Amino acid sequence: MLKSPVLPESAPFSTEQRMWLNGFLAGLSNSSLTAMAGSGAPAAPAPVAAELPMLVLYGSQSGTAEGLSQALADKVRAHAFAGGAVRLQPRVVGMEKFKDISWSSETRILMLTSTWGDGDMPDNAVAFWEWLKGSDAPSLAHASFAVLALGDHNYTRFCQAGKNLDGRFAGLGAKRLLPLCECDTDYEAKSEFWMDEVMAALAIQVSAEAPAAGAGSPAAPAPHTNGSTPHNGHAVPALSGSAATAKTPSAYSRKNPFPAALLENHPLNAKGSSKDTRHISISLLGSGLEYRVGDALGIFPRNCYELVDRIILTLNCLGSEKVTLDGGEEMTLRTALINRLDLRRGSERLLQVLQEATRNPGDKRRLTELLFADGAKAKPYLSDRDLLDVLQDFSHTRLDAQQLASTLSKIAPRLYSISSSPKENPGEVHLTVGVVRYQAGGRLRRGVTSTFLAERVPLGMTLPVFVQPAAHFGLPAEAGKPVIMVGPGTGIAPFRAFLQERRNLGDTGKNWLFFGDQHRQYDFLYSEEFVAMQASGFLTNLDLAFSRDQEEKIYVQTRMLERSRELFAWLEEGAHFYVCGDAKRMAKDVDEALQQVIAKETGKDLEAARAYLARMKDEKRYQRDVY
């Protein structure tokens, strides 16, 4: 028998609201049971429901927030409210289109946004945020809103973009439908719960606005009015006629990754380099997964076995102890530490559990000092320590296996820019992976996913993967457009894919690549391919910047300034400008250099140059894939 759902006690509603909602959810459950059982009697005609607008805004860099926004809209669109008297009609809009929104008429606004880098807005939300902070921002006293923030606890300004939007909307007078929801990298369960809370809060709000409709069971799900059906959180165009025979979408996704075989793993740096960059080739045969250039491949890694063994030893455990993870999944401690749990950082929750468990006066004093300083000491302490560091720092305090497991979040997949075109490499996908290894605290530290790929996956072995579409990063839709690509180091990845794609399409548009690294002799990644493309005339310009080959440091932005006149001429011809790589330094330096180029060649100031770039962003001619 199906059980009627019950709203959790933690849901942010009053007792009366919770009672009403439990009835609402019970009605939903009972209507489902009735539909399954069937009465044999003809159904009475359903009354025509009133339709009310709702805005779903997303700020997204890699596509995750956009996918969740589509999933939320599908969820809302599929239900009727106020006893079937009202249907909400959500519109999913990227934050870059804020100028097209009639803010005075929007009464329900749901926002989903990632945070990029250390507290920055995603690229498609930057202009929106600047406008929202300014004096032209509208009063929103007539509106209600809720924010889902995606972030990574490894950054100091966790979920800052969502916090910014939540605070600013409240400051403009809008009423919170729900408190801000902050999600870490393992966002799936929490975002789903937030969507359920949104549905419940909307049900209360709509019924209050339409009391005459009553609070009975909701009507049966409505067909999707935008001509689409949901699939893995994305809208898929509805098919009709001969198009209905189109290829079925893959069953594999982030929630159900494909076990893909590793085909190739070889170094791209020459001997003598201080770096270790790998060319990784993975088979997609049999998966049904498809990608386009600009997309990313998600990989679920396994943790370093040596690190796991040292953690088990520090706990004075065997590794065979059983632990239960969130969701009720049970396994041995060692399996959980290898396959499921994030070991990169300790957490305040870990410090709290240690503080509660310790009987050592010294540990108790230190932990209390860290925890009861409003995060001023705990955050800096945790910023450069992994789980093993914390356990060894408080080695006089012992935790059991379950205590430890309860403090750790689930390991999140790593997204890598795809460095191949499916037209040139059918059935497989290529990655360009910089392997992370460094010494700190007297021991070798290893990048979780990069060393997993480089060291712990034999050829032929499978690893769990999925394709992450990049909604805001891709080649021009119109053939023949010039493209300028700036990708130092592993930032070269998507541009190798771009060039392969354009060559296979026979696109005659001009191509200009800026690449840089430390030494040409050791670090010119894919050198033979790019030199051959230049020799054939396909790669119109190839500008290289190897910073350590001379006394003066030379970077890609240096080359841009040197080629200022031609670079601006390409922009005036309608060229699309792309940047991929490090967000903290390189991408900002490239942006500043581009402003200088525009200011110099137009004879105007930097403010006018920034306005020029803003227009390029609006036209989707300035795109970044930075991390």
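Tutor: Let us begin with Ile492, which sits in the loop between β20 (483–486) and α14 (493–505). Keep in mind that the model is predicted.

Student: Why does Ile492 count as buried?

Tutor: The label applies under 20% relative accessible area. Ile492 has 0% relative accessibility, so it counts as buried.

Student: With which residues is Ile492 in contact, leaving aside its neighbours within four places in sequence?

Tutor: Thr432, Gly487, Leu513, Phe515, Leu525, Tyr526 and Phe530.

Student: What makes Asn425 buried?

Tutor: Its relative accessible area is 12%, and the cut-off is under 20%, so Asn425 is buried. This residue, too, lies in a loop, here between β15 (414–417) and β16 (428–434).

Student: How do you know that a polar contact joins the side chains of Asn425 and Gln500?

Tutor: The distance is 3.0 Å, and a pair of N or O atoms has to be within 3.5 Å, one able to donate a hydrogen and the other to accept it. The side chains of Asn425 and Gln500 therefore qualify as a polar contact. Gln500 is also one of the residues in contact with Asn425 outside its sequence neighbourhood, together with Tyr291, Ser420 and His430.

Student: Why is helix α13 called mostly covered?

Tutor: Seven of the eight residues in α13 (448–455) are buried. They are Val448, Thr449, Ser450, Thr451, Phe452, Leu453 and Ala454.

Student: And what makes strand β19 mostly covered?

Tutor: In β19 (residues 462–468), five of the seven residues are buried.

Student: How do you know that β10 and β19 pair?

Tutor: Pairing takes at least two bridges between the strands. Strand β10 (residues 258–267) has four with β19, in the antiparallel sense, with Pro259 opposite Pro464. Strand β12 (residues 296–299) likewise pairs with β19 in the antiparallel sense over four bridges, and there Gly298 stands opposite Phe466.

Student: What makes the phi of Cys159 worth a remark?

Tutor: Most residues other than glycine have a negative phi. Cys159 is not a glycine, and its phi is positive, about 55°. Cys159 belongs to the loop between β5 (144–150) and α4 (160–171), and it counts as buried because its relative accessibility is 1%. Lys620 also has a positive phi, near 65°, and lies in the loop between α20 (606–618) and β24 (622–626).

Student: How many cavities of 30 Å³ or more does the count come to?

Tutor: The count comes to one. A cavity is space where a 1.4 Å probe fits but cannot get out, and about 50 Å³ of such space lies in the largest cavity.

Terms used: Residues numbered from 1 in each chain as written. Predicted model: local features only at pLDDT ≥ 70, side-chain atom pairs only at ≥ 80, totals over all residues. Heavy atoms only, no water. 1 Å grid on protein atoms, 1.4 Å probe; cavity = no way out; pocket = protein on both sides within 12 Å on 5 of 7 lines; lining within 4 Å. Points joined across faces, edges and corners; volume = space filled by probe spheres on them. Buried < 20%, exposed > 50% of the residue type's maximum accessible area, 1.4 Å probe, protein only. Helix = DSSP H or I, 4+ residues; strand = E, 2+ residues; numbered from the N terminus. Contact = heavy atoms within 4.5 Å.
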